[in-house]
Amino acid sequence: MDIVVKGRKTEVPERFRRHVAEKLERINKLDGKVISVDVELSKEHNPRQVDHADQVEITLHSRGPIIRAEASSSDPYSALDLASAKLDAQLRKAADRRRISKGPRAPMSVAAATAALSDTPGQATPEELSPPRKTMQGSVQVEGDGPLVVREKTHPAEPMALDQALYEMELVGHDFYLFVDAETKQPSVVYRRHAYDYGVIHLKVEA
């Protein structure tokens with residue numbers, strides 16, 4: 001298993017790299033299919049964010065879905081401990097799901113449970129999901145107070161069913177997940193609403 005540690009807006013001390021390797025060594029015991037792990041340490045220099053100045057994001061690549069966990073704290077070692085604990089919980093959740101899916105009584109598909117959500121009135125709009133801002137950051141115009149972080153990521157995507165998209169959203173620990181619907185071939189987003197409710201947004205590409 002390869003472990004890659006990198007810094008964003010900060011240098012990564014060699015001692016921290018060694019600590020990461022020791023901390024994540026047990027991952028193979030939880031998931032023997034792990035290929036590589038990316039660990040990113042970032043630093044928030046705003047003095048008002050001193051309690052969350054150091055952020056650690058762990059991304060696990062395996063022969064299955066990508067699993068991600070992140071946490072912030074007043075020092076990098078505490079942030080790593082918190083992110084590592086979240087990652088362990090995600091791995092155990094994935095292992096439990098595999099055991100349930102192989103059992104004689106598999107649970108109802110999440111896709112079936114949320115099938116009516118995509119056409120239900122009152123769903124959150126894109127504006128509600130991403131409030132407008134009025135500040136300029138490069139070519140992005142935003143509105144509102146507080147620090148602005150603009151990051152761009154590109155991921156390979158294979159069409160998948162809705163229940164798989166929800167499952168992978170839980171694994172990466174986000175409140176939304178962008179995917180291509182295997183049935184409609186449309187770009188789609190699932191997102192968390194209240195408690196255990198989910199919403200679905202499909203994009204219809206016009207000619």
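Predicted model: local features only at pLDDT ≥ 70, side-chain atom pairs only at ≥ 80, totals over all residues.
**Salt bridges, a sheet and a core**

Residues are numbered from 1 along each chain as its sequence is written, and side-chain values use heavy atoms, with hydrogens and water left out.

Back to arginine 192. It forms a salt bridge with aspartate 175, where the closest N and O atoms are 3.2 Å apart. A salt bridge here is a side-chain nitrogen of Lys or Arg within 4 Å of a carboxyl oxygen of Asp or Glu. Arginine 192 lies in strand β8 (residues 187-192) and aspartate 175 in the loop between α6 and β7 (176-180), so the pair ties together parts that are 17 residues apart in sequence. Helices (H or I, at least four residues) and strands (E, at least two) are DSSP runs, numbered from the N terminus.

How many salt bridges are there by this rule? The count is five. Another one joins the side chains of aspartate 81 and lysine 23, at 3.0 Å from N to O. Aspartate 81 sits in helix α3 and lysine 23 in helix α1, 58 residues apart. Aspartate 81 is partly exposed at 35% relative accessible area, and lysine 23 is also partly exposed, at 22%.

A further salt bridge is between arginine 68 and glutamate 57, at 3.6 Å from N to O. Arginine 68 is in strand β4 and glutamate 57 in strand β3, so this pair ties together parts that are 11 residues apart in sequence. Are these two buried or exposed? Both arginine 68 and glutamate 57 are buried.

Next, the sheet. Four strands form an open sheet in the order β1-β2-β3-β4, with mixed pairing. Two strands pair if DSSP finds at least two bridges between them. β1 (2-8) and β4 stand at the edges with a single partner strand each, so one side of each has no neighbour in the sheet. β2 and β3 pair in the antiparallel sense over nine bridges. In this region serine 42 stands opposite glutamine 55 in β3.

Now the core. In soluble globular proteins, nonpolar side chains tend to be buried together. A nonpolar core is a set of buried Ala, Val, Leu, Ile, Met, Phe, Trp, Tyr and Cys residues joined through side-chain atoms within 4.5 Å. The largest one has 24 residues, and Val56 and Ile58 have the most contacts inside it. Which helix gives the most to this core? It is α3, with six residues. Apart from this core lies another, of 11 residues, including Leu162 and Met169.

Last, the structure holds one aromatic pair. Phenylalanine 16 and tyrosine 77 sit edge-to-face, 5.4 Å centre to centre, with 75° between the planes. Rings of Phe, Tyr and Trp (its six-membered ring) pair if their centres lie within 6.5 Å; planes under 30 degrees apart count as stacked, over 60 as edge-to-face and the rest as tilted. Phenylalanine 16 is buried, at 1% relative accessible area, whereas tyrosine 77 is partly exposed, at 23%.

Methods
Buried < 20%, exposed > 50% of the residue type's maximum accessible area, 1.4 Å probe, protein only.
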